Amino acid sequence: MPIFTTVIAFWYYVFAAWLKSLDFLLPTSYNILVATIQLEGGTCLNITINENPDTDAVEVIINCKKVNDEILKMIASLNSLECKITGTKDGQTFLVAPETILYIESVDKKTFIYTENDVFETVLRLYEFENSLPSDGFFRASKSTIINLSGVRSLRPDFGARLQITMNNGEKMTVSRQYTGAVKKRLGL
């Protein structure tokens, strides 16, 4: 019995020394953040973020059973992070920079992007814009509208606990009662 225990202990220390010799292969420091999000169709999206000072690029890998609409929407959202959004006008596709957008509106199941001088139609839905545009610049004003804060010239209280917003191009928009509290809080009013 003592010989068997000695042999096991010997191989344990050999294995431990071998693992210690591989330390140079591990990154010097990294943090891991893990989150799980429940998607509309009941699918769970597991997110793992590895922070590694030796990495030069950000890489997104999507592992799934089959590419479906939810996966395609995620890819569209990731593409919108490129700081350009695509919109169509007169049969042509244009790249629209988020900072030029005054507001985004959904009308009759179609979504439109409004800038100072143009209106573009887009395939993205409002909730996709809400999730992908910078939250410090854009806010939901109603069920059918998202407004760019930098495009707001002025605002004033309106009938029924709503807010009346005047955009830089002179157009008037209304923040519904449901979203007024969040907008006031954000602006410190």
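User: How many bridges join β8 to β9, and in which sense do the two strands run?

Analyst: Strands of a sheet pair through backbone hydrogen bonds, either parallel or antiparallel. In this predicted model, β8 and β9 run antiparallel and are joined by four bridges. The two strands form a hairpin, with two residues between them. Within the pairing, F138 stands opposite N148 in β9.

User: Which other strand pairs with β9?

Analyst: Strand β5, residues 101-107, pairs with β9 in the antiparallel sense over three bridges. There, E105 stands opposite T145 in β9.

User: Are the faces of β9 covered or open?

Analyst: Both are covered. T145 and I147 on one side, and I146 and N148 on the other, are all buried.

User: Why does N148 count as buried, and what is it in contact with?

Analyst: The cut-off for buried is under 20% relative accessible area. N148 has 3% relative accessibility, so it counts as buried. Neighbours within four places in sequence aside, its contacts are P98, E99, I101, L102, G137, F138 and M167. The N148 side chain also makes a polar contact with the side chain of S150, at 3.0 Å.

User: In what order do the strands of the open sheet lie?

Analyst: The order is β10-β11-β12, with antiparallel pairing. β10 (152-158) and β12 are the edge strands, each pairing on one side only. From one strand to the next, the twist averages 25°.

User: Which residues of α4 are buried, and why do they line one face?

Analyst: An α-helix has 3.6 residues a turn, so residues three or four places apart point the same way. In α4, residues 177-187, the buried residues are Y179, T180 and V183. Seen down the helix axis they fall within an arc of 120°, so they line one face. These buried residues pack against β8 (138-142), β11 (162-167) and β12 (172-175). The face turned away from the buried side carries the exposed residues Q178 and K185.

User: What follows just after α4?

Analyst: G188, which takes a positive phi of about 75°.

User: How many aromatic pairs are there?

Analyst: A pair of aromatic rings is described by the distance of the centres and the angle of the planes. The count here comes to two aromatic pairs. F94 and F120 form a tilted pair, 5.5 Å centre to centre with 50° between the planes. F94 is in strand β4 (residues 92-96) and F120 in strand β7 (residues 119-122), so the pair ties together parts 26 residues apart in sequence.

User: Why is the pair of Y103 and Y114 called stacked?

Analyst: Planes under 30 degrees apart count as stacked. The rings of Y103 and Y114 have their planes at 15° and their centres 4.3 Å apart, so the pair is stacked. Y103 lies in strand β5 and Y114 in strand β6 (residues 110-115), and the pair links distant parts of the chain, 11 residues apart. Both Y103 and Y114 are buried.

Definitions and conventions:
Residues numbered from 1 in each chain as written. Predicted model: local features only at pLDDT ≥ 70, side-chain atom pairs only at ≥ 80, totals over all residues. Heavy atoms only, no water. Buried < 20%, exposed > 50% of the residue type's maximum accessible area, 1.4 Å probe, protein only. Arc of directions from axis to C-beta. Contact = heavy atoms within 4.5 Å. Polar contact = N/O pair within 3.5 Å; in protein donor to acceptor, adjacent residues only side chain to side chain. Pairing = 2+ DSSP bridges. Axes fitted to C-alpha atoms, helices over the stretch in contact; angles between N-to-C directions. Phe/Tyr/Trp six-rings, centres within 6.5 Å; stacked < 30°, edge-to-face > 60°.
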